Amino acid sequence: MAGFHNVMNPVLAIYPGSFDPVTNGHLDLIERAAKIFERLVVAVLRNTEKAPLFTLAERVEMLHEVTQAFSNVEVDTFDGLLVDYARRRQARVLLRGIRAVSDYEYELQMALLNRKLESGLETVFMLPAVSYSFVSSRLVREVARLGGPVSGLVPPAVEQRLRAKVTD
Ligand code: PNS
């Protein structure tokens, strides 16, 4: 069957995002995807219009720390169009998480636009654990900035860095 994945044709999936910072929701998705795809590349967008809390290097470092247990997970960065990066990496799948219906509209738009740009690339949506369905990087940043606890929302290494960042 043409295109069916097998040992000779391993599936490389790209999980793109800002990861500012990586949350337990992201990590849960990474763990699930690492069991399905032969290789998973967590790809951090380099240039974004949003001013990030963490520098690109910090975000990549945190991702390295929290994904080191997964031998088939790699951390990389990308710039420009996601589909161009995916083509360069010869990826077959774009992975995105959907927490709630509210995520769906934006994700659908991106997935369909990416399909229009590159029809050979499939967007796969996965659901994080329900216990993380309310966790977002934006809210985690806000809680940390206002001095609230973020334990359980982000990995301990990220929690430490958040604390250090907001008391800078
Ligand atoms: O974690 P985010 O911020 O929701 O991730 C958004 C991301 C990085 C996946 C998206 O902004 C993206 O792919 N940007 C790269 C530029 C691009 O390809 N834009 C068209 C997407 S339809």
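Here are legends for a few close-up views of this predicted model.

**View 1. Who sits around the ligand.**
Start with the ligand and its neighbours: 13 residues surround the ligand, and the closest are Gly17, Ser18, Lys50, Leu82 and Arg96. Sorted by class, this shell holds 7 nonpolar, 4 polar and 2 charged residues.

Which residues have an N or O atom close to an oxygen of the ligand? Ser18 is one of them, with an N or O atom of its side chain 2.6 Å from a ligand oxygen. Arg96 also uses its side chain, where an N or O atom is 3.0 Å from an oxygen atom of the ligand. With Leu82, look at the backbone instead: an N or O atom there lies 2.8 Å from an oxygen atom of the ligand. How much of the ligand does the protein bury? On its own the ligand would expose 540 Å², and the protein buries 78% of that.

**View 3**
Two elements, strand 1 (12-17) and helix 4 (101-117), each give two or more residues to the shell around the ligand. Helix 4 gives the most, with 3 residues.

**View 2. Which elements build the lining.**
Follow the chain around the largest pocket and you'll meet strand 1, helix 1 (24-34), strand 4 (93-97), helix 4, strand 5 (122-126) and helix 5 (137-145), each supplying at least two residues of the lining. Which element gives the most to this lining? That's helix 4, with 10 residues. Helix 4 also gives the most to the shell around the ligand.

Last stop is the loop between strand 1 and helix 1, where Phe19 is found. Phi of Phe19 is near 50°, a positive value in a residue other than glycine. Pro21 belongs to the loop between strand 1 and helix 1 too. What kind of peptide bond joins Asp20 and Pro21? The bond is cis, with omega at about 0°.

Methods: Residues are numbered from 1 along each chain as its sequence is written. This is a predicted model: local features need pLDDT of at least 70, side-chain atom pairs count only at pLDDT 80 or more; totals for chains, interfaces and linings use all residues. Side-chain values use heavy atoms; hydrogens and water are left out. A residue is near a molecule or strand if one of its heavy atoms lies within 4 Å of it. A polar contact is a pair of N or O atoms within 3.5 Å; within protein, one must be able to donate a hydrogen and the other to accept it, and residues adjacent in sequence count only if both atoms are side-chain atoms. Accessible areas come from the Shrake-Rupley method with a 1.4 Å probe; for residues, only the protein chains shown count as cover. Helices (H or I, at least four residues) and strands (E, at least two) are DSSP runs, numbered from the N terminus. Ala, Val, Leu, Ile, Met, Phe, Trp, Tyr, Cys and Pro count as nonpolar, Asp, Glu, Lys and Arg as charged, and the others, Gly among them, as polar.
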